[in-house]
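Keep the structure open as you read.

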Amino acid sequence: MLFSKGFIGKSLIVGSIAVVMLFTALLPLYGKSHAAYVANNTAAESFELDDVMYDAVQGGNYDDYLRKHAAKESPDTQVLLPAEDYGGAEGMQPEKLADYEGQTGVSVRTGEQGSIFWDAEVEQEGMYRIAIQYYPVEGKSSSIQRALLIDGEVPFSEAAQLEFHRVWGNARDSIAQDDNGNDLRPEQAEHPSWQEEVLKDAQGFHEEPFAFYFSKGRHRITLISQREPMVIGQIKLLPVHVPLPYEQLKASYDPQDRDAAQGTMLEIQGERPLATSSPTLYPLSDRSSPAVTPYNAAKIKINTIGGNNWRVPGEWIEWNVDVPKTGLYKIGLHVKQNLLRGLNSTRILRIDGEIPFKEAANLKFAYGNDWRLEVLGRTEEPYLFHLTEGKHVLRLEVALGDMAPSIRKAEQSLLQLNEAYRRILMITGSIPDPMRDYQLEKKLPGLLDTFQEESDRLKAVSIELEQQTGKRSDKQAVLETLADQLADFTERPETIHKRLDSFKANIGALGTWMLSVKELPLEIDSIYIASPSDEFPAKGASFWAKLLHMLIQFFMSFVINYDEIGKVTDGSASKSITVWIGSGRDQAQVIRSMLDDSFTPETGIKVNLKLIQMDVLLPATVSGEGPDVAMNVDNSIPVNFSMRQAVADLSGFPGFQEVAKRFRSSAMVPFQYEKGFYALPETQTYNMLFYRKDIMKELEQQVPQTWQELAGLIPVLGKRHMEFGLPQPVASAPGMAGQNLEPNAMFAMLLLQNNGEFYADGGKLSALDSETSMRAFRQWTEYYTDYRLTPEYDFANRFRTGEMPIGIADFTMYNQLAVFAPEIRGLWGFVPVPGTRLKDGTIRRDVPGGGSAVMMMKQAKDKEAAWTFMQWWTSEAVQTKFGREMEGLMGAAARYPTANLEAFNRLPWPVEDYKQLSEQSQWVQGIPEVPGGYFTGRHLINAFYSVINNGVEPREALEESVQYIKAEMKHKRNEFNLPE
């Protein structure tokens, strides 16, 4: 069809106008006009949390943000946004609440996922702080996490992970005691109350709360939920105010107030806090010195708080103080800081929510071996605090203080050096040829400049640390060693590849150093508040008091049985059982507390809980000295013991079928033998696919969904000398007698996803000689023979450095990475494992399950009481409480992988991570335990190494191993008089 020139010209003009209009419409989305952005986005936007997190981390940090807005001032005004005036929400249904929990007006309950926004009209351009008034409603007992967006963008990376603490305290005012007269650790419970949090760095790397730039006009403030619900009362945009220096504040004091409180001496016991920010901050017992109160050399007395539990920046403890007279007071703390050698432990002091003066935001407590009275203030004179008559709240919060800028520099170095190491690795590989000159300085332009810059930076950090403490310490050694190596690299670049291993080790040491210096422990016995003219009580212990203390403890060590946890019964009670636990003392103490709080009072059954090395369980059972119930045993133990008539069959106990419904059917499979069940699952674990988001995007690769896609990814990684991590051939060696070596998880995935089985004919025969098994075994070994993957490796370290940016590992690796690798926070994730695509297009992602169990010994005298205990222990309420207690006690690294489905749903996983875990959990399969089955895992590994080390053909290797497995299974069935 032909058009006239005039028509074409008009069309071009109209088209140009349309392009201009489209460009004008899209311009606000790129931050050119915030007011226009808000005007053109009247509805809530849908945000992919994963993308928001990644983009935020990849974008600039807060330091970059401050430099960008360095010339902007803070106006002396504030903007108030009532929560009820929110503009919209996406992925959640906010609920308006009137006069909620004593808060006048309308509040808004926000969910644990989705987003909500408010539109703010800013009259004056400048820098503002953002404060959120919130109420921590019941959730999963973890801190609340949100991401902040301003006009659709995360302003800086740290704003993508904001934390809001819950409020905790002792469940009861009094401290209970066990039958031996020892104080029991007070149970912690939530004491929610309205809080106002000024947004700040959750990592503690910045000393002051964040300042945000707002231009004049309309802006949109969006909160994206990452974890836990909360009620929001209001949001405030506040001017940036910095507390006055002490000398200026001191000049404003009324001289008459100095003597107004004369004769006042207040003592506050540290173990009696008003509230804390975490359940880890429970009161402690210190028996190291007679200087603490209350004191007993032989018995456990709850007498302090804090210690190593109180070390993470942002955590706080607060106490209630009733001041009798208005006036000036000095404050002294009876403290011990004997864990952080060579550095100061820093705290922020707030009184009634306010920092009284600048120096109170940087209170330092030096290292020392013993208890001491630390008076707040300078050496020559203590700080004076103006307190009015009545009740006040003193809060001490962990902070990095002067070290924050130094640690930020070290973190920046760590990120730069990890990237440099990865770039070098792409050229040299993980095992460079020492005889070759790779000419790295030419192939990697700017590498030597990076090394010199980071060397200078690390040396500067070392000097800063020495200036802050006034002396050299062992904490400087890591910095100086790496700095010297980097400086030497710039002078002798031809040696870089020869020292790649030591370079990697030094980078790892720097990461560990960062973890250690960020943790600032402090233990408090008492707090004293006195008038300026009054002397604090003399604290400490004389030589003779210490000597007597040590002598009493020495003699009592012959009397006290440290294997017995808490309450003990002599066995004369009508109902009593003995329970052995093979985990750690912390776990045992938590269980002991839970037994005393609920199980024994509710059932009347006393429990002798003993912490035992479980390798003695078999000989103890044979000799008749074993327990009634054994906890925390490997999945393979119950059936192995049941074959020898050592474990009770649970299937006949009342309520067994209902109890079994608490778990996935796959979790019960390892405990079924013949027609009975011989244990209940405590934990269940399975594999997930971990990946580095930054490296996968850098390589422009998608996370593989199938094994075929994985086969295409491995060469891409190999070209850059990176690797994919498959589950290692031997995950762990058996830890006790009777424990089997589990079949390799990778082989199990390939087998199960193709309808294969480990055993045939009801467990009488090995099914590994089937054609499906042969194909799965060949595919497994080809990853090592054809693709040259590494069989054995340290996944956490290699994932951290980027050498292995993607790999399959047990989902509990999440706990380790969350604590072990803070520098890649937000740059990694996990998803279900690759699967096998079926003819209908669906993907099977079967994975084997692992875990631990609780079992009843056949020699148990009171089996009904033992069954009652097992029902109680595996219940949803108890498993949830135990999981939360352990995470509260030891942090995210101790997140408990409970097998109870309802309890697992209540653990504090971030929403996105929980979604991935739930998807994979639908594909978990249990591997049966059968007589002679211990040969399966053992000979499967023998066949594997025959192929990859000796070059044996896969079918031949597996067929030979299957013969051994079948022979052993036949032998064991004959031994136990079972039909063949």
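What follows covers a helix, its surroundings and a few salt bridges.

First, some ground rules. This is a predicted model, where local features need pLDDT of at least 70, side-chain atom pairs count only at pLDDT 80 or more, and totals for chains, interfaces and linings use all residues. Residues are numbered from 1 along each chain as its sequence is written, and side-chain values use heavy atoms, with hydrogens and water left out.

Start at helix H27, residues 934–950. Helices here are DSSP runs of H or I with at least four residues, strands are runs of E with at least two, and both are numbered from the N terminus. The expected span of a helix is 1.5 Å times one less than its number of residues.

Several residues of H27 are buried, including Tyr934, Phe935, Leu940, Ile941, Phe944 and Val947. Buried means under 20% relative accessible area, exposed means over 50%, and partly exposed is in between (1.4 Å probe, protein chains only). What covers the buried residues of H27? Among the covering elements are helix H19 (745–752), strand E35 (759–760), helix H20 (771–785) and helix H28 (954–975).

The loop between H27 and H28 holds a charged contact too. Glutamate 953 and arginine 778 meet in a salt bridge, at 2.2 Å from N to O. Glutamate 953 sits in that loop and arginine 778 in helix H20, so the pair ties together parts that are 175 residues apart in sequence. Both ends are partly exposed: glutamate 953 has a relative accessible area of 33%, and arginine 778 has 31%.

A salt bridge, by the way, is a side-chain nitrogen of Lys or Arg within 4 Å of a carboxyl oxygen of Asp or Glu. By that rule the count comes to 45.

Now look at aspartate 119 and arginine 220, whose side chains form a salt bridge at 2.9 Å, N to O. Aspartate 119 lies in strand E5 (residues 114–122) and arginine 220 in strand E13 (residues 217–227), so this pair links parts that are 101 residues apart in sequence. Aspartate 119 is partly exposed at 21% relative accessible area, whereas arginine 220 is buried at 2%.

How values were computed: Contact means heavy atoms within 4.5 Å.
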